Amino acid sequence: MTSLREAAVGGSAARPARQVLARSRELCDPALHEAVEALPTSMRRIAGYHLGWWDERGAADGGGSGKAFRPALALLSAEAVGASPEAAVPAAVGVELVHNFSLLHDDVMDEDTTRRHRPTAWTVFGRNAAILAGDALLTLATDVLAASGHPRSQEGVRALSAAVLSLVEGQSADLDFERRQDVGLSECLAMVGSKTGSLLGCACALGGLFGGASPGRVGELRAFGELLGLAFQHTDDLLGIWGDPAVTGKPSYSDLRARKKSLPVLAALHSSTESGAELARLYRRDRDPDAGELPRLAELVEDAGGRAWCREQAGQLLDQALGHLRAARPAERPAAELADLATMATHRDH
């Protein structure tokens with residue numbers, strides 16, 4: 001399953017991943033701004049802050065608004081089936097709005113205080129206001145698809161709604177895991193498929209749908225995105241422990257600080273090793289670890305094999321995802337760029 005990846009890295013026709021992401025942002029930003037500007041004033045203020053467009057007072061800010069990874073998947077998927085990227089802009093905007101709805105709510109539920117290198121919206125505007133802003137973005141996402149006038153917009157709305165329901169189910173499971181000591185690795189993988197894989201799969205499927213693809217090709221693109229989502233989360237969970245705060249925008253060892261049962265942690269806990277057993281004892285205490293204990297927790301996860309397991313799984317899932325991408329019979333250049341984005345997303349520094 002290496003040809004697509006090699007083409008993405010070395011093919012002369014394929015644009016570099018950063019250029020692809022920049023072009024996706026360029027195509028989607030005007031429509032995204034137009035959509036958010038239609039919100040009531042109170043919601044618009046919070047949404048724009050969260051998206052990095054302005055500060056808490058509404059003054060223009062140079063803060064980042066994310067990589068446009070999901071919009072890029074939608075636009076490239078449309079190109080992969082022979083359409084122009086412009087045809088899938090409503091799909092790309094809808095997926096990006098849903099993604100940011102989930103981030104606003106996740107930050108409240110997880111009590112995260114930093115997002116994209118600055119205070120999270122709920123810490124600035126309050127919990128209730130951030131939740132309502134997230135609700136507004138979710139409603140807006142459906143409206144963008146429904147108002148697009150695309151002949152398959154109704155099918156797109158249903159696909160997006162199904163992805164949101166799956167995402168919410170995954171978040172519910174994630175919250176339940178925080179209260180339990182007996183979380184299984186298979187349960188966590190199912191949660192990740194719902195919480196992360198469903199929206200990436202939807203982004204690719206909507207791109208194919210708005211690009212006029214057959215149901216079979218749409219299905220292969222969806223499978224590519226879903227497996228990429230699983231691989232992406234393995235990498236993201238590694239960054240939650242070993243990621244550079246300057247890159248992630250979150251404190252060092254953030255997942256360990258919260259005793260989160262992430263994929264490398266669960267792999268370590270179920271490893272039947274002495275390190276895994278010690279990690280279990282420390283995780284089961286009735287208090288969160290202090291700063292001085294965090295490096296030891298990270299060491300235990302690594303010694304028990306959690307870090308290596310996650311890296312191996314990410315690679316295997318990426319190969320499976322690329323197999324489904326190939327089965328969608330994509331055009332060569334967008335296929336190479338999709339493979340390049342997938343490789344970049346699963347080989348971040350960790």
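Helices are DSSP runs of H or I with at least four residues, strands are DSSP runs of E with at least two, and both are numbered from the N terminus. The model is predicted: local features need pLDDT of at least 70, side-chain atom pairs count only at pLDDT 80 or more, and totals for chains, interfaces and linings use all residues. Residues are numbered from 1 along each chain as its sequence is written, and side-chain values use heavy atoms, with hydrogens and water left out.

**View 1. The whole chain.**
The chain holds 17 helices and two strands. Its radius of gyration is 20 Å, close to the 20 Å that the globule rule gives for 350 residues, so the chain is as compact as a globular protein of that length. That radius is taken over C-alpha atoms, and the globule rule is 2.2 Å times the number of residues to the power 0.38. Along the principal axes, the C-alpha atoms fill a box of roughly 55 × 50 × 35 Å. Of the 350 residues, 55% count as buried. Buried means under 20% relative accessible area, exposed means over 50%, and partly exposed lies in between (1.4 Å probe, protein chains only).

A contact means heavy atoms within 4.5 Å. Take the contacts with a separation of 6 or more: residues 24 or more positions apart account for 75% of them. The accessible surface of the chain comes to about 14,700 Å², and 52% of this surface belongs to carbon and sulfur atoms. Areas come from the Shrake-Rupley method with a 1.4 Å probe; for residues, only the protein chains shown count as cover. The chain has 37 positive and 46 negative charges, and their mean positions are 1 Å apart. Lys and Arg count as positive, Asp and Glu as negative; His and the chain ends are not counted. Each charge is placed at NZ of Lys, CZ of Arg, CG of Asp or CD of Glu.

**View 2. Where is pLDDT under 50?**
Look at residues 7-12, where pLDDT stays under 50. The model has seven contacts beyond four places in sequence for this stretch. pLDDT is the predictor's confidence in each residue, from 0 to 100.

**View 3. Ala-14 and Arg-333.**
Ala-14 sits in the loop between helix H1 (3-10) and helix H2 (17-37). It is buried, with a relative accessible area of 14%. Arg-333 belongs to helix H17 (residues 332-346). Arg-333 is partly exposed at 26%. Which residues does Arg-333 contact, leaving aside its neighbours within four places in sequence? They are Ala-13, Ala-14, Arg-15, Leu-76 and Glu-79. For scale, Ala-14 and Asp-107 are 93 residues apart along the chain, with 36 Å between their C-alpha atoms.

Asp-106 lies in helix H5. Is Asp-106 buried or exposed? It is buried, with a relative accessible area of 12%. Beyond four places in sequence, Asp-106 contacts Glu-111, Gln-171 and Lys-195. Glu-111 is in the loop between helix H5 (89-110) and strand E1 (114-115). Its phi is near 55°, a positive value in a residue other than glycine. Glu-111 is partly exposed, with a relative accessible area of 49%.

**View 4. Pro-119 in strand E2.**
Pro-119 is in strand E2 (residues 118-119). Its relative accessible area is 43%, so Pro-119 counts as partly exposed. Not counting residues up to four places away in sequence, Pro-119 touches Tyr-49, Thr-113 and Val-124. Gly-249 is 130 residues from Pro-119 along the chain, yet their C-alpha atoms are separated by 9.9 Å.

**View 5. Arg-222 in helix H10.**
Arg-222 lies in helix H10 (residues 215-242). It counts as partly exposed, at 29% relative accessibility. Residues up to four places away aside, Arg-222 touches Ala-159, Gly-201, Cys-202 and Ala-205. Gln-181 is 41 residues from Arg-222 in sequence and 33 Å away in space, C-alpha to C-alpha.

**View 6. Arg-259 in a loop.**
Arg-259 is found between helix H12 (254-257) and helix H13 (263-269).
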